[in-house]
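Please keep the 3D view open while you read.

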Protein chains: 4
Amino acid sequence: MEYRRLGSTGLKVSALSYGAWVTFGRQVGRSAARELIACAYDNGINFFDNAETYNAGDAERLMGDVIADLRLPRDAYCVSSKVYFGASEHPRPTQRGLSRKHVFDACHQALDRLRVDYLDMYFCHRPDPDTPVEETVLAMDTLVRQGKVMYWGTSEWPAEAIEEAHRIARERHLVAPSMEQPQYNLLHRDRVEREYAPLYQRYGMGTTIWSPLASGLLTGKYNDGVPDDSRLGHPDYAWLREALLENDGARLKSVRALAPIATDLGMPMSRLALAWCLKNPNVSTVILGASKLAQLEENLKALDAVPSLDGEAMRRIAEALG
Amino acid sequence: MEYRRLGSTGLKVSALSYGAWVTFGRQVGRSAARELIACAYDNGINFFDNAETYNAGDAERLMGDVIADLRLPRDAYCVSSKVYFGASEHPRPTQRGLSRKHVFDACHQALDRLRVDYLDMYFCHRPDPDTPVEETVLAMDTLVRQGKVMYWGTSEWPAEAIEEAHRIARERHLVAPSMEQPQYNLLHRDRVEREYAPLYQRYGMGTTIWSPLASGLLTGKYNDGVPDDSRLGHPDYAWLREALLENDGARLKSVRALAPIATDLGMPMSRLALAWCLKNPNVSTVILGASKLAQLEENLKALDAVPSLDGEAMRRIAEALG
Amino acid sequence: MEYRRLGSTGLKVSALSYGAWVTFGRQVGRSAARELIACAYDNGINFFDNAETYNAGDAERLMGDVIADLRLPRDAYCVSSKVYFGASEHPRPTQRGLSRKHVFDACHQALDRLRVDYLDMYFCHRPDPDTPVEETVLAMDTLVRQGKVMYWGTSEWPAEAIEEAHRIARERHLVAPSMEQPQYNLLHRDRVEREYAPLYQRYGMGTTIWSPLASGLLTGKYNDGVPDDSRLGHPDYAWLREALLENDGARLKSVRALAPIATDLGMPMSRLALAWCLKNPNVSTVILGASKLAQLEENLKALDAVPSLDGEAMRRIAEALG
Amino acid sequence: MEYRRLGSTGLKVSALSYGAWVTFGRQVGRSAARELIACAYDNGINFFDNAETYNAGDAERLMGDVIADLRLPRDAYCVSSKVYFGASEHPRPTQRGLSRKHVFDACHQALDRLRVDYLDMYFCHRPDPDTPVEETVLAMDTLVRQGKVMYWGTSEWPAEAIEEAHRIARERHLVAPSMEQPQYNLLHRDRVEREYAPLYQRYGMGTTIWSPLASGLLTGKYNDGVPDDSRLGHPDYAWLREALLENDGARLKSVRALAPIATDLGMPMSRLALAWCLKNPNVSTVILGASKLAQLEENLKALDAVPSLDGEAMRRIAEALG
């Protein structure tokens, strides 16, 4: 496994990490979760990503149980939570957002669900237009100084909101955010590559990127339509299916154009997509979401595939994406 | 229910909330309190107001027992306390005021009585001329950073004292007050509308207003004299009766002049009075003090009555108040 | 009882207070201590003074046991400790002084001996030339923010060291000292009246004065020699006897010259001496050290005697002191 | 025993102290450790040095057990730990370095192994190029304010990194480092005497020096070759043997040249070497590593030998060292 600093912090995260997202507690039950996390850890993955909202808290509960069961040493792995959407399907007004109350409540609840004394990373899952950034920065600073959170960050915040957080932290002697969790993949690049460009150097911002395979689209498995037994085929994910296939299927066309490149490089499409993410030096870690052991094992090969993405391969990829 | 931000904080409070004040532990016993709080919560009320001094701590004890008994989720509601007057009838010198000792002692005692780990709001119930504002601001800041208080504020402080608190907080990197709890109703408007006018914008100050019905006067029930079995008729409330009826009964005259407007709008006087408070955008929440279920249910209708207070109605109200 | 603010803080201390000093655990055993503290509290005394070094911790243990036994409400009284000399007869190098280690250790030990969760006042018993003032100020600030100490102060520090502490506190956003515990009595006035003069206004410094009777000298009981059964007659107090009677017995002469004034005012010498201390508005509280109930009861009369010290009486006192 | 201030702090450490380093848990078993620490403490040694990495945590476990067993009063001795190398032979990426996560984890683990509530000194065992100094300074500040660490410092940091830590601490109102633990002995002088020269005055930096006998070389016992039963003769210490004897044995030559001076002063070589370290006023304490009681007893005589190192002796030493 390769380890990268989380931006300019001293935390070394594995370049590939593993997230619960929508799978834990749905496709992935207890025994599968145990197998997946054990495999990830044995292969050097040291960061397990989660959020209060993933399956309304069940993803964190499951992950917490499994990690406790596996007796992973607490100082050898990192676990995250995210606050914003609430941990129930219909949160009451004080059960969501980035108010001090909810940031504190959600932290304590995540600690409880994950069965740990502190969160290694705690993300503001979205910007909250109804809470002043200063209130959230102070809440995060307090949790860090209480030892309940090691590093706090943001997820899908506009660059200017991140800059505001840094300005406030500097002026008020508060702990600044350390990382962002943006979506990033071959089909979704603008924010990471353009919008955030000035932040990496200026603030030493790290990134823990999600959806490196664009919810499976970049595996190529939907190239010939959406199978009924796939995640996108499930009625619950109609919203996701639509989002991915919108815009006249322009995304699918790009994916199809990438297929021959993967073939020529002798690797599956998904490996190409993950390796491409890993090539970006501003990416601290690529969060995998594999729900099956074989997928995870395949995904882990992406690190070795990075050198194959030489100048020629990158040029072809650029062409395919138009 | 409508929810409003508590000033510029991220806390969303229900536009109508419920307070213990003089009723809990007197007119309102355990079973009535349980019924009232359950009804309030079921109707979306998420803020329950209290103070150390309300019935010498008994109001907090009763509310704490009932909330625990109802098993309300801690992150779904807000509860407050207030410090200044002490929690006994004859407090000793260190058992009242805004000294660091009493602010800390009173917080811990309120947490104990209310059976919670933190107070959502903690008010300085009055300004304390014998304690420097800096001492109180630092005490509040400490409680916030210890996680024992979410938001601190003031109650019936002159605007300039609130401004002093903000100045100190800014200079010393301390947590500033977020809200005021002033009296506000059709008969008592100056402080909220004039004295505090510059504070809403400047500091994002929220308000949790008390006595929206002027201790019942605005229900119209005293229009024809004070009945023996009403709260004002009780010998213990002679002081309140006198305060309300002072000044040659000018207040009563205003109330009587408002009566036909309520009639024309097809609503009871109390509903008119509450809706009028709700119309003020600087009011974060209107604290109800109903001691009977029917009253509470009636009061909850005020939200729907707000649109009836159109330009014409407001003009007539202004005339009636002279 | 009269209550005074501790300098500009919000803490109201009784103008007369009660200290353990050398008596607790020696002349004063458990039952006497219980009687004395109960009498003091019943008469409105709300501050009980102590120090780690008083009888090597035994004074604090005894006071803690008695207060617990009397079930005094924690928010109704104040208790202090002082750090510097250590709590054993032969402290090791890290068991004394004002290092962060000893300030923390001594606080925790005093909390344990006194059986309380926090100290109302915590004094640096002497300046420590071997510890930077900044280290001590930061240690005190930390204890205040942890809720273990309400107000910290100094005892017998030169004015300039107190000023340094304030300067550091201001610059580093730390909690400043609130009070001094100096010796002050008719025979020992310079520091309180002259050296500290600029500090009262500038920093709102309070004073908790010790030895208002100059170790008994101002009771007049040594006017005709030191009785064997008095404190000064005890071999252990040879040092004190010598200190008081040094300088050719100049002090004793002053005391003898004051005697007729007390007689003319119709009060015992000790009452005159205490009332004289109370007249100084910069004195927050006068610590009594009575070891017998009758003494304490007599001392409590000093408050009523203050008005007798009119202009004429004060003029005669000034003459008697030369 | 002589006691010295740890730089400009208020902590008084014994001029000779005792460290676990590589011996505890290897040459030194439980009963020997008990004997050695008891002897050290009885002779006035009050600082026991340790680190997470010494025998992968076993040195701390052994020391903690022995100190608990001897019932040394917690306020009478100091104990340290150091963070950087990890507490296992093959630490995972998050189990070493100076990230906030590892600084916190390592502190809690050391408290646990040493069976204490706080560390008197906590050292950053090496500079960490992969962690911003600001992150480490804030982590240390947090531990100090939580009461888990009394004084933090560095070990073998370049002067400029120490200066950066001070600059950050000053600007951000954080607790600055108090001491360095550098190697210092007759054969290794540059850093302590030259590189750090400006720091003693500027920051009041204390030093707790290690290897005053250059791993035994300065006892003279290797003058005629390395005996098989000595520490350097052990296969595990091949690296140390090579390091000491490198450079054509220049060090050994120096040691041989010092031998006659020790003989003329009537003391063993080791005593001369320790006394020479003690002569340096910028040395706060010299950490002894004796693994046998007789060695420790001999080493304790170094304090009395300091006066023998007069001008003439120092001149001869300088000549011998070339």
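This is a predicted model: local features need pLDDT of at least 70, side-chain atom pairs count only at pLDDT 80 or more; totals for chains, interfaces and linings use all residues.

1. In it, 21 residues of chain B and 16 residues of chain C make up the contact. On the side of chain B that touches chain C, α3 (100–114) and α4 (133–145) of chain B each supply at least two residues. The biggest giver there is α3(B), with five residues.

2. Where chain B touches chain C, four residues are nonpolar, nine are polar and eight are charged.

3. Next, look at the contact between A and B. Chain A puts in 22 residues and chain B puts in 17 residues. Helices α3 (100–114) and α4 (133–145) of chain A each supply at least two residues of the side of chain A that touches chain B. From α3(A) come five residues, the largest share of that side.

4. Which classes of residue does chain A show to chain B? The side of chain A that touches chain B has five nonpolar residues, nine polar residues and eight charged residues.

5. Check the pairs without a contact too. Chain A and chain C are not joined by any contact. Their closest C-alpha atoms are 11 Å apart. Chain B and chain D have no contact either, and their closest C-alpha atoms also lie 11 Å apart. Contact here is judged on C-beta atoms, placed from the backbone, which must lie within 7 Å.

6. What rotation superposes chain B on chain C? The rotation is 90°, with 0.0 Å of shift along its axis.

7. Why do we say that chains B and C meet through different surfaces? Only 5% of the interface residues of chain B are interface residues in chain C as well, so the copies meet through different surfaces. Trace both sides of this contact in the view: 21 residues on chain B, 16 residues on chain C.

Terms used. Residues are numbered from 1 along each chain as its sequence is written. Chains are lettered from A and ligands numbered from 1 in the order in which they are written. Two residues are in contact if their C-beta atoms, placed from the backbone, lie within 7 Å. Helices (H or I, at least four residues) and strands (E, at least two) are DSSP runs, numbered from the N terminus. Ala, Val, Leu, Ile, Met, Phe, Trp, Tyr, Cys and Pro count as nonpolar, Asp, Glu, Lys and Arg as charged, and the others, Gly among them, as polar. Copies are superposed by least squares on the C-alpha atoms of residues with pLDDT of at least 70 in both.
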